[in-house]
Amino acid sequence: MTTIISIVLLFCLALLGWAIAEFKSDHCVYERNEEECATEAKAADAIKKNGFNELNIKDVIATISTKGFKA
């Protein structure tokens, strides 16, 4: 009998968590502020000025440390 009660309580807890998550996603909407928009515009200008080149796997391996550290 306690197993059935435990399962029902777990189900109710899951429903409560789901309801809270739905409430947060509907009512807590993220809005950008002016500082973020300015930073994004600055980054876009830098990309236009300097160009954008996507790295392939050989470039990534050449620029990161794949050998580790010496002890």
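Tutor: Start with a definition. A salt bridge is a side-chain nitrogen of Lys or Arg within 4 Å of a carboxyl oxygen of Asp or Glu. This model is predicted, and the structure holds 1 salt bridge.

Student: What makes the contact of arginine 32 and glutamate 40 a salt bridge?

Tutor: Their side chains meet at 3.2 Å, N to O. The cut-off is 4 Å. The pair is therefore a salt bridge.

Student: Why is arginine 32 called exposed?

Tutor: Its relative accessible area is 53%. Exposed means over 50%, so arginine 32 qualifies.

Student: And why is glutamate 40 called partly exposed?

Tutor: Glutamate 40 has a relative accessible area of 45%. Buried is under 20%, and exposed is over 50%. The value falls in between, so glutamate 40 is partly exposed.

Student: How many disulfides are there?

Tutor: The count comes to 0. A pair of cysteine sulfur atoms has to be within 2.5 Å to count.

Student: What are the labels of cysteine 28 and cysteine 37?

Tutor: Cysteine 28 is exposed, because 53% is over 50%. Cysteine 37 is at 38%, so it is partly exposed.

Student: Which residues make the nonpolar surface patch?

Tutor: Met1, Ile4, Ile5, Val8 and Leu9 make the patch, which covers about 550 Å². Take one of them, isoleucine 4. It is found in helix α1, residues 2-27.

Student: How do you know that the span of helix α2 is close to the expected one?

Tutor: Helix α2, residues 34-50, has 17 residues. From its first C-alpha to its last, α2 reaches 24 Å. The expected span is also 24 Å, at 1.5 Å a residue.

Student: What comes just after α2?

Tutor: Glycine 51 does, with a positive phi of about 85°. Glutamate 54 lies in the loop between α2 and α3. Glutamate 54 is exposed, because its 69% is over 50%. Its C-alpha is separated by 43 Å from that of alanine 14, 40 residues apart along the chain.

Student: Why is aspartate 59 called partly exposed?

Tutor: Aspartate 59 lies in helix α3. Its relative accessible area is 33%. That is between 20% and 50%, so the label is partly exposed.

Student: Where is confidence lowest, and where is it highest?

Tutor: Confidence is lowest in helix α3, residues 57-63, at a mean of 83. Confidence is highest in α1, at 94. The protein chain averages a pLDDT of 86, and 90% of the residues score at least 70.

Terms used
Residues numbered from 1 in each chain as written. Predicted model: local features only at pLDDT ≥ 70, side-chain atom pairs only at ≥ 80, totals over all residues. Heavy atoms only, no water. Patch = residues over 30% accessible without salt bridge, like charges linked within 9 Å, V, L, I, M, F, W, Y side chains within 5 Å. Areas by Shrake-Rupley, 256 points an atom, 1.4 Å probe, with all protein chains shown as cover. Helix = DSSP H or I, 4+ residues; strand = E, 2+ residues; numbered from the N terminus. Buried < 20%, exposed > 50% of the residue type's maximum accessible area, 1.4 Å probe, protein only. Expected span 1.5 Å × (residues − 1). pLDDT = per-residue confidence, 0-100.
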